[in-house]
Amino acid sequence: MKKFAFYLGLSALVFTQGFAEEIFSKNYESTLKNIVKNVEKIEIMSVDRLESIDGLNFVITDINGEMVPMFVSKDGKSIIGFSNLVFIGNDKDKTLIEGRMNKLHADIKANQDKIAYEIIKEIPKDRFINIESFDKNNKFMTYIVSDPECPDCREHLTKMVKYLRNANVRIIFAPVHGKSAYTKSAIMLKEASKINPDNQEALIKLLNKYYDVNATVSDDQASDEERDKVLQDAKKLFSKGVIKGVPFSFTVEKE
């Protein structure tokens, strides 16, 4: 009899929890639809109860294909936006949130890389500067989307030797600055085509020359057609919205 009563109580507990979760989901989705206009998709990806704040959940939701972290009340009727200014004193809750956010960022980056790779595969290989890895047997390829007049891209370029130790590299230009950035990109593509991909020193020297903050070029060093090709590359790369700025890089195994 005691065993039967135990199973009966356990079943009631599972039913109650399931019912509570269903009510939460319905209320939460209703609240979201009142806040976010033109919602086509809402999918709750994870719900974690916080220990440090009674009655509050940390929830990650897929809203129209975008993963959004939020704090949500136990009944699903109140929502607080998540931001970098949130401080959690409870170590367990802090670890939980950091773990969820790290996974979320990794998943978002993996999806961005996948879409970016599909775009890049459609762009002719002569639109890239190809540099072979120091390891002739390296099976990986790192793609770098860059702009010679972008300060962050200049900093990114200092890691080239490290990249080449771990992968082959293909650089494609998507300038977000002015005409001279398009001219420099076109010049580098022309000059790099005359250098063997296994001549890492010469190719790095070429990149450093035109990425230098003091580097200047004249419009007649590249034709309008050559600049337009760089522009078309940039339009393709930014077309899906996953590459929002430069530098952007990712690594895949060579096909």
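Predicted model: local features only at pLDDT ≥ 70, side-chain atom pairs only at ≥ 80, totals over all residues.
In soluble globular proteins, nonpolar side chains tend to be buried together. Here the largest nonpolar core has 45 residues, and those with the most contacts inside it are Ile129, Ile131, Met160, Ile171, Leu207 and Leu237. A second core, separate and made of 9 residues, includes Leu56, Phe58, Ile88 and Met101.

We turn next to the rings. A pair of aromatic rings is described by the distance of the centres and the angle of the planes. The structure holds 9 aromatic pairs, and one of them is the tilted pair of Phe58 and Phe71, with 5.6 Å centre to centre and 55° between the planes. This pair links distant parts of the chain, since Phe58 lies in strand β2 (residues 56-63) and Phe71 in strand β3 (residues 66-73), 13 residues apart. Both Phe58 and Phe71 are buried.

Tyr143 and Phe250, by contrast, form a stacked pair, at 5.5 Å centre to centre and with 25° between the planes. Here too distant parts of the chain are linked, with Tyr143 in strand β6 (residues 140-146) and Phe250 in strand β8 (residues 248-253), 107 residues apart. Tyr143 is buried, having a relative accessible area of 6%, and Phe250 is likewise buried, at 3%.

Methods
Residues numbered from 1 in each chain as written. Heavy atoms only, no water. Core = buried A, V, L, I, M, F, W, Y, C linked by side-chain atoms within 4.5 Å. Buried < 20%, exposed > 50% of the residue type's maximum accessible area, 1.4 Å probe, protein only. Phe/Tyr/Trp six-rings, centres within 6.5 Å; stacked < 30°, edge-to-face > 60°. Helix = DSSP H or I, 4+ residues; strand = E, 2+ residues; numbered from the N terminus.
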